[in-house]
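Colleague: Please pick one part of this model and take a close look at it, residue by residue. I would like a connected account with the cut-offs stated.

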Amino acid sequence: MQKVEEQLAHLTRTVEDLSDVVAAQASEIELLTRRVVLLMEREAQREADAGSHIYGGPEKPPHY
């Protein structure tokens, strides 16, 4: 009976440790997801701005 109680205590501790790890990973995933969304929005804005570029350089525009 004592061995079963020891195993149960060990398993309970392992589950608690794993729960802490999962909670930390969930927080990190949430942070990284927000960052990816921000980067995607920035890139979309950059692409939109590039489409409205006014030519002003010394080279000929591509349609010549």
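Modeller: I start at D17, which is partly exposed, with a relative accessible area of 35%. Here buried means under 20% relative accessible area, exposed means over 50%, and partly exposed lies in between, with a 1.4 Å probe and protein chains only. This is a predicted model, in which local features need pLDDT of at least 70 and side-chain atom pairs count only at pLDDT 80 or more, while totals for chains, interfaces and linings use all residues. Residues are numbered from 1 along each chain as its sequence is written, and side-chain values use heavy atoms, leaving out hydrogens and water.

The side chain of D17 meets that of R13 in a salt bridge, at 3.1 Å from N to O. A salt bridge is a side-chain nitrogen of Lys or Arg within 4 Å of a carboxyl oxygen of Asp or Glu. R13 and D17 are about one helical turn apart because they are separated by four residues in helix α1, residues 2-51. The arginine of this pair, R13, counts as exposed at 53% relative accessibility.

The structure holds three salt bridges, and the other pairs deserve a look too. E30 and R34 are joined side chain to side chain, with an N to O distance of 3.1 Å. This pair lies in helix α1, four residues apart, or about one turn of the helix. E30 is partly exposed at 48% relative accessibility, and R34 is partly exposed at 48%.

Further along is the salt bridge between R46 and E43, whose closest N and O atoms are 3.7 Å apart. R46 and E43 are three residues apart in helix α1, so about one helical turn separates them. R46 counts as exposed at 53% relative accessibility, whereas E43 is partly exposed at 35%.

As for the setting, the chain has one helix and zero strands; these are DSSP runs numbered from the N terminus, H or I of at least four residues for helices and E of at least two for strands. Of the 64 residues in the chain, 2% are buried.
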